[in-house]
Amino acid sequence: MSDLETLLPKKGAEQMKEKRTAETEHTQNSFAERKQKCLSMIEDAALDAVADAKRYGAFLGVVSRFDRYSPNNQLLIFAQNPQATQLKDFDAWAKEGGTVKKGSHGVMILTPKDYTGKDGQKHRGYDVKSVFDVAAVDGVKLIPEPKSERSQRELMKAVIHACPVTIYVADDYPEHAESGAYFDPQEKCVYAKPGMSNEEMFTSLTQAAAHAELARTEGESYRPQNAAFAARSIACALANRFDIPGDLVAIESVPSNLREMDSEEVRDKLKQVQGAVREMTARMLDSLGRGQEKKQPQAEKQGRNAR
């Protein structure tokens, strides 16, 4: 027997096993509580997003800045820190020389996790990860994107590239049209009015292109009148994303029928907007020569794939 064994009390194997089991159960319960908290936040955030025009505008701001995140994670960001501009986990900030400020509250997001179930089959679940906004980090700063260096011609080419149908300039543009461009679902194309100002051109074409994108994804269920608010929302988010004055597509009110829906119904409607913004932003960035953007940290890539 060693000196150490004579000096210290023993703890049997069974006691150690019980301790490890208790610790595991505590960890699992804590994780389950965090996950349930996230799911509850998602439900509440959807209803909060459509409560009024101001809240909806804040939600669209999150969608425009975090277009590559999943719809549910966008709602989690909106619920916890709608002013966030760049999110990374603790380790990712540390690799860049940053230190998360003491007392900072992270934003919980869901990240995908594959596991083998009791049935021996592979399943996909979700972990809860905390990420922190750049405002909560010392030692690094967010470098603004040089949006102002993009010419109007480049931006318009990007919009044209993002539109899933052909855009034509119509010399005989109908006088009764409410905006400078519209999507024709029968002809499956967009008609634009000649002689528009730069602001009107961008917002009109993005709104018409949004209708075309919604028609592409919704198929036969697409109705122009039912898609009007979603298309305006998409154009507003894109104007925000590319630093274009969005007065012509500003959200002044939220339709009453949307406010009266339950959380699941609202989330389905929001996903139409979120998905279209994601797709059209990706195409515009590709046109602007940013298809090969700097690779995002793992936490961000996981964040945009979750749920």
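Visitor: Where is the place of Arg267?
Guide: Arg267 sits in helix α10. A word on the model before we go on: it is predicted, so local features need pLDDT of at least 70 and side-chain atom pairs count only at pLDDT 80 or more, while totals for chains, interfaces and linings use all residues. Residues are numbered from 1 along each chain as its sequence is written, and side-chain values use heavy atoms, with hydrogens and water left out.

Visitor: How do you know what is a helix and what is a strand?
Guide: Both are DSSP runs, numbered from the N terminus: a helix is H or I with at least four residues, and a strand is E with at least two. The chain has 11 helices and 8 strands.

Visitor: Why is Glu213 called buried?
Guide: Buried means under 20% relative accessible area, exposed means over 50%, and partly exposed lies in between (1.4 Å probe, protein chains only). Glu213 has a relative accessible area of 0%, so Glu213 is buried. Arg283 is at 18%, so Arg283 counts as buried too. Of the 307 residues of the chain, 41% count as buried.

Visitor: What makes Glu213 and Arg283 a salt bridge?
Guide: The term asks for a side-chain nitrogen of Lys or Arg within 4 Å of a carboxyl oxygen of Asp or Glu. The side chains of Glu213 and Arg283 meet at 3.0 Å, N to O, which makes the pair a salt bridge. Glu213 lies in helix α7 (residues 198-218) and Arg283 in helix α10, so this pair ties together parts that are 70 residues apart in sequence. Glu213, Arg216 and Arg283 are linked in a network of salt bridges.

Visitor: How many salt bridges does the rule give?
Guide: The count comes to 9 salt bridges. One of them joins Arg55 and Asp48, whose closest N and O atoms are 2.7 Å apart. Arg55 has 26% relative accessibility, so Arg55 counts as partly exposed. Asp48, with 31%, is therefore partly exposed as well.

Visitor: Which parts of the chain does the pair of Arg124 and Asp114 link?
Guide: These two side chains meet in a salt bridge at 3.0 Å, N to O. Arg124 is in strand β4 (residues 122-133) and Asp114 in strand β3 (residues 107-116), 10 residues apart. Asp114 has 51% relative accessibility, so Asp114 counts as exposed.

Visitor: What is Arg267 in contact with?
Guide: Contact means heavy atoms within 4.5 Å. Leaving aside neighbours within four places in sequence, Arg267 is in contact with Ile42, Glu43, Ala46, Asn72 and Leu75.

Visitor: Which residues does Val128 touch?
Guide: Not counting residues up to four places away in sequence, Val128 touches Phe31, Arg34, Lys35, Cys38, Met108, Ile109 and Leu110. Val128 lies in strand β4. With a relative accessible area of 13%, Val128 is buried.

Visitor: Which residues gather in the patch of negative charge?
Guide: Glu43, Asp44, Asp262, Glu264, Glu265 and Asp268 gather there, on the surface. Patches are made of residues with over 30% relative accessible area and no salt bridge; like charges are joined within 9 Å, and nonpolar side chains (Val, Leu, Ile, Met, Phe, Trp, Tyr) within 5 Å. Glu265 lies in helix α10. Glu265 is at 41% relative accessibility, so Glu265 counts as partly exposed. The largest share of the negative patch, 3 residues, comes from α10.

Visitor: What is the phi of Lys188?
Guide: Phi of Lys188 is near 55°, a positive value in a residue other than glycine. Most residues other than glycine have a negative phi. Lys188 is in the loop between β7 (181-184) and β8 (189-192). With a relative accessible area of 59%, Lys188 is exposed.

Technical notes
Areas by Shrake-Rupley, 256 points an atom, 1.4 Å probe, with all protein chains shown as cover. Lys, Arg positive; Asp, Glu negative; His and termini not counted. Charge placed at Lys NZ, Arg CZ, Asp CG, Glu CD.
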